Amino acid sequence: MKVLLIGATGNVGIRLVPALLTHNHSVVAFVRSAKKLKDLLPADIYKRIVVVEGSATDSKSIRNVILNAQCDAVVNTAGVAALPPWGKSELPAIFKAVLEGVRSASEERKTALRVWFLAGQGVLVYPGTETMLSSYMPIYLEHRQNFRLLQALPADALHWSVLCPNMMTPATKPQDFTVPTKSPEAKLTASATTPPNWRDSWIRYIPFIGKSIVCAMNAQRYATTLEQAADFIAEDLVRRDSQWVGKAVGIIDANR
Ligand SMILES: NC(=O)c1ccc[n+]([C@@H]2O[C@H](COP(=O)([O-])OP(=O)(O)OC[C@H]3O[C@@H](n4cnc5c(N)ncnc54)[C@H](OP(=O)(O)O)[C@@H]3O)[C@@H](O)[C@H]2O)c1
């Protein structure tokens, strides 16, 4: 696929460049600074991608890049959610603009584009309930409002998925990237709507605080590498009929 990668200079975005190339996609990177991207990536990888400068809050630019470059898919990793419940970031504005740009391009093309978004694990629901984990661990709440925008879309407007990782750490520095990627880590196990392999406990029945404690007990187990997440998205984009369309997707290292 020809993939528009928005936010290619970020932690996840930069790892998606070699991951997408490894899975034989073409990459159009949408960044605020081409120089920053060039300085981060090995020269042989930078040479293999098209780079467009712009702001992810500008829906018209996003629409135009998709149409002009004839992209079939979009991955949005731009912006980062504010940590405290009362915090504010540019992420909601970015998310709205990307959604608007992608929808407008889909309408123009008369075909629903395939899109991956990033959120946090808090968007998934506590197994056996319909309550988001972020109700029990109220952090990174901006992801919830973004997810609501996706849920409100008419069916078939977009073929969207949203990856909902917990903490992700780097395994490799950008200057050491290769194509194909060297991935010594395990693949991920994924599930829709709830976190995969959740460990529940009687503690959940303690009034008021029980489920929050179980969330905290589970949190560490869902740490993955940024490379694993990038590979998961890049591999999924190879499939014509992804099982993750229209879903919030939880992930865990397959060894856990
Ligand atoms: N990292 C984690 O452990 C983790 C865990 C769970 C969920 N997430 C979610 O995953 C997403 C990506 O996280 P991350 O760690 O990769 O974030 P990051 O490293 O902070 O990267 C954010 C990216 O967004 C770009 N950006 C910000 N404003 C922009 C704008 N107006 N126009 C264009 N680009 C813009 C930045 O570009 P510049 O380089 O120009 O600043 C950067 O490339 C976030 O939504 C985050 O909440 C991350």
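Biologist: Why are α4 and α5 called oblique to each other?

Modeller: In this predicted model, helix α4 (residues 59-69) packs against α5 at an angle of about 40°, with their axes 8 Å apart. Angles under 35 degrees count as roughly parallel, and those from 65 to 115 as roughly perpendicular, and α4 and α5 are therefore oblique to each other. Their crossing is right-handed.

Biologist: What makes α5 and α6 roughly parallel to each other?

Modeller: The axes of helix α5 (residues 91-109) and helix α6 (residues 142-151) come within 9 Å and cross at roughly 15°. The cut-off for roughly parallel is an angle under 35 degrees, and therefore α5 and α6 count as roughly parallel to each other. As for handedness, α5 passes α6 in a right-handed crossing.

Biologist: How do α1 and α8 pack, and at what angle?

Modeller: Helix α1 (residues 11-22) and helix α8 (residues 226-236) have axes 8 Å apart and pack at an angle of about 50°. That makes α1 oblique to α8, and α1 passes α8 in a right-handed crossing.

Biologist: Which residues come nearest to the ligand, and how does the shell around the ligand divide?

Modeller: Of the 23 residues around the ligand, Thr9, Arg32, Lys36, Ala56 and Gly79 come nearest. The shell around the ligand divides into eleven nonpolar, nine polar and three charged residues.

Biologist: How do you know that the peptide bond from Val179 to Pro180 is cis?

Modeller: The omega of the peptide bond from Val179 to Pro180 is near 0°, and this bond is accordingly given as cis. Pro180 itself lies in the loop between β7 (168-169) and β8 (188-192).

Biologist: What is the phi of Asp156, and where is the place of Asp156?

Modeller: Asp156 has a positive phi of about 70°, although this residue is not a glycine. The place of Asp156 is in the loop between α6 and β6 (159-164).

Note on methods:
Residues numbered from 1 in each chain as written. Predicted model: local features only at pLDDT ≥ 70, side-chain atom pairs only at ≥ 80, totals over all residues. Heavy atoms only, no water. Near = heavy atom within 4 Å. Nonpolar A, V, L, I, M, F, W, Y, C, P; charged D, E, K, R; others polar. Axes fitted to C-alpha atoms, helices over the stretch in contact; angles between N-to-C directions. Helix = DSSP H or I, 4+ residues; strand = E, 2+ residues; numbered from the N terminus. Parallel < 35°, antiparallel > 145°, perpendicular 65-115°, else oblique. Left-handed = near helix turned anticlockwise from the far one by under 90°.
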